[in-house]
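Please look over the sequence and the model below. The paragraphs after them go from definitions to the whole chain, and then to single residues.

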Amino acid sequence: MNVLRFNGMPIIAVAKGMTVAALTFAVLGTVSALWNNPFFVRMTPTSGFETTALALQAVLVGIYVAIPVRGCAVKLAGAGGVANFLGIACPVCNKILMLIFGANVLLTYLEPARPYLAAGGVLVTTLAVLLRWNNFRASSL
């Protein structure tokens, strides 16, 4: 069966990756209140890096999903996603973190670390994408 391909990947997989990237950007940006929305209100102002970190993460997640390999680096990609989300989200808006640590600890320790968490999440997800890509290339040879 002849399947349309883009860069060695089936065009359906590429479309799926683009859809996941767009949904990731829209959903996480809305949940973390990076823009005004009727669902969530952000308690701390954004610093400016959050939208860029979210865009990078969304693109990486889209690429990860588009690479047709079975179950490779899923935990690594998930850890990168969680770290990135904690990096872009409002530290005092997360009720679970507030319950465990309290506002004072979150604003003192998590707030200054958020850019590093977001960058670390992007780096870990990049590693997961590279591992998945290498497995895809190895399996298609």
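Buried means under 20% relative accessible area, exposed means over 50%, and partly exposed lies in between (1.4 Å probe, protein chains only). At 76% relative accessibility, L99 counts as exposed, whereas Q57 is buried at 1%.

This is a predicted model, in which local features need pLDDT of at least 70 and side-chain atom pairs count only at pLDDT 80 or more, while totals for chains, interfaces and linings use all residues. Residues are numbered from 1 along each chain as its sequence is written, and side-chain values use heavy atoms, with hydrogens and water left out.

The protein has 5 helices and 2 strands, in the order β-β-α-α-α-α-α from the N terminus. Helices (H or I, at least four residues) and strands (E, at least two) are DSSP runs, numbered from the N terminus. The C-alpha trace spans about 60 × 30 × 25 Å along its principal axes. Of the 141 residues, 35% count as buried.

Q57 lies in helix α2, residues 49-66. Leaving aside residues up to four places away in sequence, Q57 touches G80, G81, N84, G121, V122 and T125; contact means heavy atoms within 4.5 Å.

L99 lies in helix α4. Together with I96, I100, F101, V105 and Y109, L99 makes a nonpolar surface patch of about 710 Å². Accessible areas come from the Shrake-Rupley method with a 1.4 Å probe; for residues, only the protein chains shown count as cover. Helices α4 (95-101) and α5 (103-139) each supply at least two residues of the patch, and α4 gives the most, with 4 residues.

Methods: Patch = residues over 30% accessible without salt bridge, like charges linked within 9 Å, V, L, I, M, F, W, Y side chains within 5 Å. Salt bridge = Lys/Arg side-chain N within 4 Å of Asp/Glu carboxyl O.
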